[in-house]
Amino acid sequence: MANAILTPDKQGLDEERDAEPVIHHAPHGLSDRFALAFTKLLRVLADTFFAKRYGHRAIVLETVAAVPGMVGATIQHLTCLRRMKDDEGWIRTLMEEAENERMHLMTFIEVAKPTYFERLVVQLAQAIFYIIFFLLYLVSARTAHRLVGYFEEEAVVSYTLYLKEIDEGRSPNVPAPAIAIHYWKLPADATLRDVVLKVRADEAHHRDVNHGFASTLSGAPVDWDTASPYPPHAEEIRMNA
Ligand SMILES: [Fe+2]
Ligand SMILES: [Fe+2]
């Protein structure tokens, strides 16, 4: 589904671009509706601020995207210690999500250089978002995971639009950065388009994992077999390791 294999012809590219279905979790109850409304608000802000500058959009948003996994892992870790219970794999999953999002950032830094203003926005956004998300997770882990699920739905849409920009020639399909070739185990001649496909597949996986965690916390059944597959990643993210 998300882990599409690249094909060289234009028709193949178009089919591939559309291959990631738009999956939307229908909100149930106040918690889900709050998460969806907050996501839509941030989407409007992102659209206003970045318009179609997808490389810059990716840099700033990935700095925010790497926060929830680490917050969730921290609070789950502390909860497990206090309650003396097993985490059922959640902590490593969330820490890995944070690392994966950081790799998205390190990749897009090679593609688009942030302006000083964007660096300032990142610093402000991190200070505000970390505190808000931490408090939200303490109050309602379910709402926090649902929020991330909805963020990731928007991320999949954003990267699909980025692919369209590349395919229609408005964003140059530059060679993939070395860090991305290493991390996603891409061929040496891979391009930005190949990278965006992998990033989008990562986001689709995070989407399904976080919606699944939110549903689990609400007591709803989760069919994990339908989750979008995670692309293979390098075991050692350092290129010289
Ligand atoms: Fe990301
Ligand atoms: Fe993500």
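Me: Where is glutamate 152 found in this predicted model?

Reply: Glutamate 152 is found in helix α6. The model is predicted.

Me: What makes glutamate 152 count as buried?

Reply: Count the C-beta atoms around glutamate 152. There are 26 others within 10 Å. The cut-off for buried is 20 or more. So glutamate 152 is buried.

Me: Which residues is glutamate 152 in contact with, leaving aside its neighbours within four places in sequence?

Reply: Glutamate 152 is in contact with Glu203, His206, Arg207 and Asn210.

Me: Where is the place of glutamate 203, and why does glutamate 203 count as buried?

Reply: Glutamate 203 has its place in helix α8, residues 192-218. Inside 10 Å it has 27 C-beta neighbours. Buried needs 20 or more. Glutamate 203 therefore counts as buried.

Me: What is glutamate 203 in contact with, leaving aside its neighbours within four places in sequence?

Reply: Glutamate 203 is in contact with Glu152, Ala155, Val156 and Tyr159.

Me: Which residues does the UniProt annotation "binding site" cover?

Reply: In the unreviewed UniProt entry, that annotation covers Glu101, Glu152, Glu203 and His206.

Me: How do you know that they gather at one spot?

Reply: The four residues of the annotation span 106 residues in sequence. Yet no two of their C-alpha atoms are more than 11.1 Å apart. So they gather at one spot.

Me: Which residues meet where α5 and α6 are in contact?

Reply: From α5 come Phe133, Leu136 and Tyr137. From α6 come Ala141, Thr143 and Ala144. They divide into five nonpolar, one polar and no charged.

Me: What does the UniProt annotation "transmembrane region" cover, and what is the chain like there?

Reply: The unreviewed entry gives residues 120-139 for that annotation. Over residues 120-139 the chain is 100% helix and 0% strand. The end C-alpha atoms of that stretch are 29 Å apart.

Me: Phenylalanine 129 lies in helix α5. Why does phenylalanine 129 count as partly exposed?

Reply: Phenylalanine 129 has 17 C-beta neighbours inside 10 Å.

Me: What does phenylalanine 129 contact, leaving aside its neighbours within four places in sequence?

Reply: Phenylalanine 129 is in contact with Val64 and Val67. Proline 68 is 61 residues apart from phenylalanine 129 along the chain, and their C-alpha atoms are separated by 9.1 Å.

Me: How many helices and strands does the chain have?

Reply: The chain has eight helices and zero strands.

Me: Why is the chain called as compact as a globular protein of that length?

Reply: Compare two values. The radius of gyration is 18 Å. The globule rule gives 18 Å for 241 residues. The two are close, so the chain is as compact as a globular protein of that length.

Me: How much of the chain counts as buried?

Reply: Of the 241 residues, 34% count as buried.

Key. Residues numbered from 1 in each chain as written. Chains lettered and ligands numbered in written order. Predicted model: local features only at pLDDT ≥ 70, side-chain atom pairs only at ≥ 80, totals over all residues. Contact = placed C-beta atoms within 7 Å. Helix = DSSP H or I, 4+ residues; strand = E, 2+ residues; numbered from the N terminus. Nonpolar A, V, L, I, M, F, W, Y, C, P; charged D, E, K, R; others polar. UniProt positions renumbered as here; feature names shortened; annotations may be inferred. Buried ≥ 20, exposed ≤ 12 C-beta atoms within 10 Å, placed from the backbone. Rg over C-alpha atoms; globule rule 2.2 N^0.38 Å.
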